[in-house]
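Subject: Structure for you to look at

Hello,

Here is the structure I promised to pass on. Have a look at it first, and then read on for what turned up.

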Amino acid sequence: MQRIYDAQNELSAATHLTSRLLKEYDKQRFPLGGDDEVMSSTLQQFAKVIDELSSCHAVLSTQLADAMMFPITQFKERDLKEILTLKEVFQISSDDHDTAINRYSRLSKKRDNDKLRAEVVEDVYTSRKKQHQTMMHYFCSLNTLQYKKKTALLEPLLGYMQAQISFFKLGSENLTQQWEDFLGTIGTSVQNVRREMEEEVGQMQQTIQQMERSCDPLYAPCDPDPAYSSVCRSLTRKQGYLHIRNKTGLVSSSWERQYFFTQGGNLMHQGRGEVAGGLVTDLDNCSVMAVDCDDRRFCFQVTSFDGKKVVTLQAESRKDCEEWIATINNISKRIYLSENAEELAARVNQSALEAVTPSPSFQQRHESMRPSSKGRSGRASSISSVGSEPSPALSVLSLDALVAPETPIQFDIISPVSEENLGQNKTAAQSGRRSNPFGESGDGTSEDSEDSILHQLFIVRFLGSMEVRTAESVDVISETMRQILAARAIHNIFRMTESHLLVTCDCLKLIDPQTQVTRLRFPLSSVVQCSSHQDNRRLFGFVLHPAGGRGDSRAVCYIFESNNDGEKICDSIGLAKQIAFHSEMDRKAVEKRKEEDKAKEKQQEELSKQRQIEKDLEEQSRLIAASSRPANPPAPDGQFLVLSNSQSEDSDAGEEGKKQGESEA
């Protein structure tokens, strides 16, 4: 019974654990398991059913504990212990009775002592009575135990059967026809899955056999037939096993075979047994070339941007070596960042191959193609493989209207230092103050940047700049991008100068990220237009008018590459121009208001002067009226008043003014 009860408890706990694990199945992430909603919902239904079964098993365990285990426990702990206790008491009373009988038997016949005999007789009486009473209780308990044994055997069995019957009734109530239909559907689904598995295994076996037959030439380590497998030069990602050269001493070296793969702009490697890969070198702006090793074939060398790290690798075949070189070369040009990376890489490689073949100069192409009316000049045809497709307006517009045929391209930032700036640097050096090597004084610009409302910093790389004939055309920036990118691809120029572009409400600044020195400063008023590339959003450019103003027909177009969307930088420049325009309008409004206030003040001054003149005229007219009275009128007491000199002078002036007024009248 105890084993049945323990097994039932273990079954109930196992059922509950199964239900809990099925409910948590959705939280598990298996390496090869996809998101199967049907499987998840089915397991949730099973978890619900098993949870109900677990509840039934828990009820069954409780009923077994009450109806089966409790009677047995009571029989063992109460009845059997009572019999054992009575047995021990009966044994003790029997021993006492034997002791009393032995004492009574040893009474002496010759020395009869009444007192001793009375005590022995009393002891025998007491022990015999006690033994008899204990024996009767013990025998009664033994008889009762025979009946209790029957009930102790029948009651647990009865309770077990009743618990099982109630368990099955409860299960029949929970597992209704709906669950039976569900289980039937699941059984059918299992059969279908098994059938699909057999079909999938058959198809996979056929595919494996076909691949074994078709890939048999690829198993050889030598170069395959070029007609069967050609070199793909438009890859931007590649992985495979290579041998890397490790230096073990000053002269000696060893080769180790590892798994290499490209991730973004990095070359990674992963050894056998390693969980994750490690960085080998950065491929941005790196150089790669095939090298000849004394002890190995099909080797190539990757040199980092700064030339401090050189990695020598060996491929298994010449085809694999050429594909690795082409892939690393495409990554070094940052082609993988564009949307159609493989197509752009194919076009760049095609243009590079065309550039290697002998061809006339750009000027000769331009002059030879100028009379024809079918296409563009040779310069445009040589760069049509890079960038976006030309717009209809640009196809109608000739190339000479945008860019001069012999316009040089500047691939690095060269700050124009004037003689005035050189003089300032000399005076600064004489005074002991550090001079700016790029010709920027830094005082006025810092004040302008501090007073500016907008401060936005972007990380950019300078691709090139060239002079354009017109700054108002919409396609001048895209045409300049195509020419600069084509020139870089043809001449294998991969190095770019990284700078920080600071956009303020006054100007655009190119700042050196290491020294924080301003390399170039473009006034915002000279920026004519700014736009990004149609296909590669990381490319953007802007057109500047020269210092001579808009009267000069020539302008300069600068092309950059950013880490983020170039459209955001163009929007920031447009916002800066709007803020500058509104601030200029506000400044003009303030100046106009000041001029109006000055005009009002001047008008007030004129009015006050006119009022003062009117007051003076009134005073003069009053004096004239006073002077027209008789001189020295008699006083009330009959005496004459004597006028002072000032009064006499005023009277004279009044008379003269009166005479003058009469003459004027």
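Let me begin with D512, which counts as buried because its relative accessibility is 10%, under the 20% cut-off. Please keep in mind that this is a predicted model. D512 sits in the loop between β11 and β12. Leaving aside residues up to four places away in sequence, D512 touches V517 and R519. With R519 there is also a polar contact between the side chains, at 3.1 Å.

β11 and β12 make a hairpin with six residues between them. In the turn, Q516 has a positive phi of about 60 degrees. Strand β11 (residues 507–511) and strand β12 (residues 518–523) run antiparallel and are joined by five bridges.

Strands of a sheet pair through backbone hydrogen bonds, in either a parallel or an antiparallel way. Here, an open sheet of seven strands is paired antiparallel, in the order β4-β3-β2-β1-β7-β6-β5. Which strands stand at the edges? They are β4 (278–282) and β5 (287–291); each has a single partner strand, so one side of each has no neighbour in the sheet. From one strand to the next, the twist averages 40 degrees.

Within this sheet, strand β6 (residues 299–303) runs antiparallel to β7, and five bridges join them.

Now for the charged pairs. How many salt bridges does a search of the whole structure find? The search gives 19, and I have picked out a few of them.

- R257 and E316: their side chains meet in a salt bridge of 3.5 Å, N to O. This pair links distant parts of the chain, 59 residues apart, with R257 in strand β2 (residues 253–263) and E316 in the loop between β7 (310–314) and α5 (318–332). R257 is partly exposed, with a relative accessible area of 41%, and E316 is partly exposed as well, at 41% relative accessibility.

- D114 and R117: the salt bridge between these side chains is 3.6 Å, N to O. Both residues lie in helix α3 (residues 114–174), three residues apart, which is about one turn of the helix. D114 counts as exposed because its relative accessible area is 52%, over the 50% cut-off. R117, at 39%, is partly exposed.

- E584 and R587: here the N to O distance of the salt bridge is 2.1 Å. These two are about one helical turn apart, because they are separated by three residues in helix α13 (residues 566–627). E584 is partly exposed with a relative accessible area of 30%, and R587 is partly exposed at 38%.

- K238, K319, D320 and E323: salt bridges that share partners join these residues into one network.

Happy browsing, and do write back with any questions.

Best wishes

Terms used. Residues are numbered from 1 along each chain as its sequence is written. This is a predicted model: local features need pLDDT of at least 70, side-chain atom pairs count only at pLDDT 80 or more; totals for chains, interfaces and linings use all residues. Side-chain values use heavy atoms; hydrogens and water are left out. A salt bridge is a side-chain nitrogen of Lys or Arg within 4 Å of a carboxyl oxygen of Asp or Glu. Helices (H or I, at least four residues) and strands (E, at least two) are DSSP runs, numbered from the N terminus. Buried means under 20% relative accessible area, exposed over 50%, partly exposed in between (1.4 Å probe, protein chains only). Two strands pair if DSSP finds at least two bridges between them. Axes are lines fitted to C-alpha atoms, for helices over the stretch in contact, and angles run from 0 to 180 degrees between N-to-C directions. A polar contact is a pair of N or O atoms within 3.5 Å; within protein, one must be able to donate a hydrogen and the other to accept it, and residues adjacent in sequence count only if both atoms are side-chain atoms. Contact means heavy atoms within 4.5 Å.
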